[in-house]
Amino acid sequence: MGGSAWGATDGTSVKSADVDVVVVGGGGVAGLYLLYRLRGLGLNVTAFEAGSDVGGTWYWNRYPGCRCDVDSLEYSYSFANDLQQEWHWPERYGTQPEILKYVNHVADRFDLRRYIQFNTRVTSAVFDANSNLWTVTTDQNDMIRATFCVMATGNLSTPRKPDFPGIDDFQGEWYHTGLWPHEGVDFTGLRVGVIGTGSSGVQSIPYIAAQAKHLHVFQRTANFSLPARNEPMNAQTELTHKAEYPARRKAAYDTPFGIAGYPPPAKSALEVPADERDQIYERKWAEGGSISFLYSFNDLLTNKAANDTASEFVRQKIRSIVKDQEVAELLAPHTHPMGTKRLILDTNYYETYNRDNVTLVDVKSAPIEEITKTGLRTAQAGYELDAIVFATGFDAMTGAMLDIDIRVEGGPSLKEAWSAGPRTYLGLMIAGFPNLFTITGPGSPGVKSNMMLSIEQHTNWIVDCLQHLRSRHHRRIEVEPEAEESWVTHVREVADSTLYPLANSWYMGANIPGKPLVFMPYVGGVQMYKKKCDEVVANGYEGFLISG
Ligand code: N01
């Protein structure tokens, strides 16, 4: 590992010497790009990764039908032009195996694996304010000291299996979509139950239905899903897109979701006659994709009456696809405005309910009470199952970080600091926790944007900041509490000006019993956020205290 660019501080000898930066979650999409950039600066780096290989979310989520909901030409790194020109995406949206192959290729091409210790989960990170060093420990008994610590731990990386009583007695097999067996699962001839109808459930249900003898889908809340319209990559589209890559990538930073090519809509949904409005929705429905649909009008996420028109359009589509109108009515969402929970993209989801071997069970009116030895029991009936799939989601945005004992010696832990909900400055740093960075943390547009772009932008910001510190021989950076307070207020005010808080979503922490109900992402748009990040730097790292 060698010495530190910032030099040793207190002469303490620790395992394998000091490093400049320790990266937690080094094998994910964020961790890998961070390693690439940090090594580019010549810094000494060690990364820990819980998985046995690279891939992050694409390593863990191997359930059938898993694919990205952002076009593959967009959901890819932009930092190396050769890479983006040479890589061929075979379909409009990347499948999980294809994206995993791509991430592996990137790790090999840029020789990044050598910095990562796999099969290692970080258990604690403690900052010593005297030496300005983080001491990071792992479940493999590593202990390493670093000047800076970066959490590249992901937003949807802590799978959540509800605590149904009886699960340990279940005699069949059960799976969580976010922890899928690497060897795959063959459901042929089995009676299967899927619990959960978010993106993971909706993507996997058509595939499981095609194999299973019978599939019961246990739905608590109906969600809005749009057709993905996946298709083989069109050769001309690919050629044109690649020719325009540099301009497109640049333009993406000037958009709300970090994806170029969608002209901002000029009109409100309420400004146009109903038949014209429906024609626009029809066109978007046929086109496929979520951003395109949300871009039908300029107020779908800010005006309830405008949103009602889009929500009703999708409900009508569900009624027209699903033959049994009782089932269609159960599938038609009424609990939240369309788009305020993550919009799902599917292939043949609603059509799947026309199969004879698929039954939808409403577990809102009759909740699941227990898992039994041979299946599960709701308040109304028992179901015999050979396998259960939990598509029940994640402790999103804060789960992975709060699983680690992060603290400043003598100060509060992160768990205490975030007891009323996460607080950050720009989703990049946390007041009271010097030299600790987060990539796409709460308070940033991360999960509400093209994650690839946000990951690159955050990483670039962090690495530029480290370079700034090093060139000026500083070894400590921390957030001014007032700057954090004002950003937290801004994030909340922006969210409150939209319809997002009307949904019990994982954006709000509403899917985890007892989690504080705080809208966590920044929904002011990538363009506003990047402008703010750039201004902060231009104003001499406004809101940060630099010392040491
Ligand atoms: O999880 P979710 P997910 N009894 O939280 C239900 C990303 N992602 O893994 O809504 C019964 O959305 C729960 O019901 P309810 C994407 O950002 C992306 O599907 O809480 N049901 C809900 O239906 C996505 O948003 C991609 O009432 C229970 C479901 O489980 C995020 O990951 C693909 C229950 C959980 O849905 C999370 O998606 C996959 C209980 N006790 C994921 N507890 C793509 O790129 C929970 N549920 C396409």
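This is a predicted model: local features need pLDDT of at least 70, side-chain atom pairs count only at pLDDT 80 or more; totals for chains, interfaces and linings use all residues.

Visitor: What volume does the second largest cavity have?

Guide: About 80 Å³ of space lies in there.

Visitor: And which residues line the second largest cavity?

Guide: Among them are Asp 69, Val 70, Asp 71 and Glu 74, along with Gly 289, Ser 290, Ile 291 and Ser 292. Tyr 93, Ile 259, Tyr 262 and Leu 345 also belong to that lining. Strand 3 and helix 9 are the elements that give two or more residues to it.

Visitor: How does that lining split by class?

Guide: You get 6 nonpolar, 3 polar and 3 charged residues around the second largest cavity.

Visitor: Okay, stepping back. How many cavities of 30 Å³ or more does the structure hold?

Guide: There are 6 of them. The largest cavity holds about 210 Å³ of space.

Visitor: Which residues lie nearest the centre of the largest cavity?

Guide: Phe 257, Ser 290, Ile 291, Arg 342 and Lys 448, out of 16 lining residues. Two elements give two or more residues to this lining, namely strand 3 and helix 9 (290–294).

Visitor: Which element gives the most to the lining of the largest cavity?

Guide: Helix 9 does, with 3 residues. By class, the lining of the largest cavity comes to 8 nonpolar, 4 polar and 4 charged.

Visitor: Where does the largest cavity lie relative to domain 1 and domain 2?

Guide: Between them, because domain 1 (18–158 + 396–476 + 524–547) and domain 2 (262–341) both give residues to its lining.

Visitor: How far apart are the C-alpha centres of domain 1 and domain 2?

Guide: They lie 35 Å apart.

Visitor: Let's switch to pockets. What's the volume of the second largest pocket?

Guide: About 470 Å³. The second largest pocket has 23 lining residues, and the ones nearest its centre are Pro 256, Phe 257, Asn 298, Leu 301 and Val 523.

Visitor: What classes do the residues lining the second largest pocket fall into?

Guide: The count is 14 nonpolar, 7 polar and 2 charged.

Visitor: And where does the second largest pocket lie?

Guide: Domain 1 (18–158 + 396–476 + 524–547) and domain 2 (262–341) both give residues to its lining, so the second largest pocket lies between them.

Visitor: Now the ligand. How many residues surround the ligand, and which are the closest?

Guide: It has 24 residues around it, with Ser 200, Gln 203, Arg 220, Thr 221 and Trp 506 the closest.

Visitor: What are the distances from the oxygen atoms of the ligand to polar side-chain atoms?

Guide: For Arg 220, a polar side-chain atom sits 2.8 Å from a ligand oxygen. In Ser 200, an N or O atom of the side chain is 2.6 Å from an oxygen atom of the ligand. Lys 341 has a polar side-chain atom 3.0 Å from an oxygen atom of the ligand.

Visitor: How much of the ligand does the protein bury?

Guide: Taken alone, the ligand exposes 910 Å², and the protein buries 88% of that.

Visitor: Which elements give two or more residues to the shell around the ligand?

Guide: Strand 3 (67–71) and helix 5 (199–211). The shell residues themselves divide into 9 nonpolar, 9 polar and 6 charged.

Terms used:
Residues are numbered from 1 along each chain as its sequence is written. Side-chain values use heavy atoms; hydrogens and water are left out. A residue is near a molecule or strand if one of its heavy atoms lies within 4 Å of it. A polar contact is a pair of N or O atoms within 3.5 Å; within protein, one must be able to donate a hydrogen and the other to accept it, and residues adjacent in sequence count only if both atoms are side-chain atoms. Accessible areas come from the Shrake-Rupley method with a 1.4 Å probe; for residues, only the protein chains shown count as cover. Helices (H or I, at least four residues) and strands (E, at least two) are DSSP runs, numbered from the N terminus. Ala, Val, Leu, Ile, Met, Phe, Trp, Tyr, Cys and Pro count as nonpolar, Asp, Glu, Lys and Arg as charged, and the others, Gly among them, as polar. On a 1 Å grid over the protein atoms alone, a cavity is a set of points where a 1.4 Å probe fits but cannot get out, and a pocket is an open set with protein on both sides within 12 Å along at least five of seven lines; lining residues have an atom within 4 Å of a point. Grid points are joined across faces, edges and corners, and a volume is the space filled by probe spheres set on the points. Domain bounds come from an automatic or database domain assignment.
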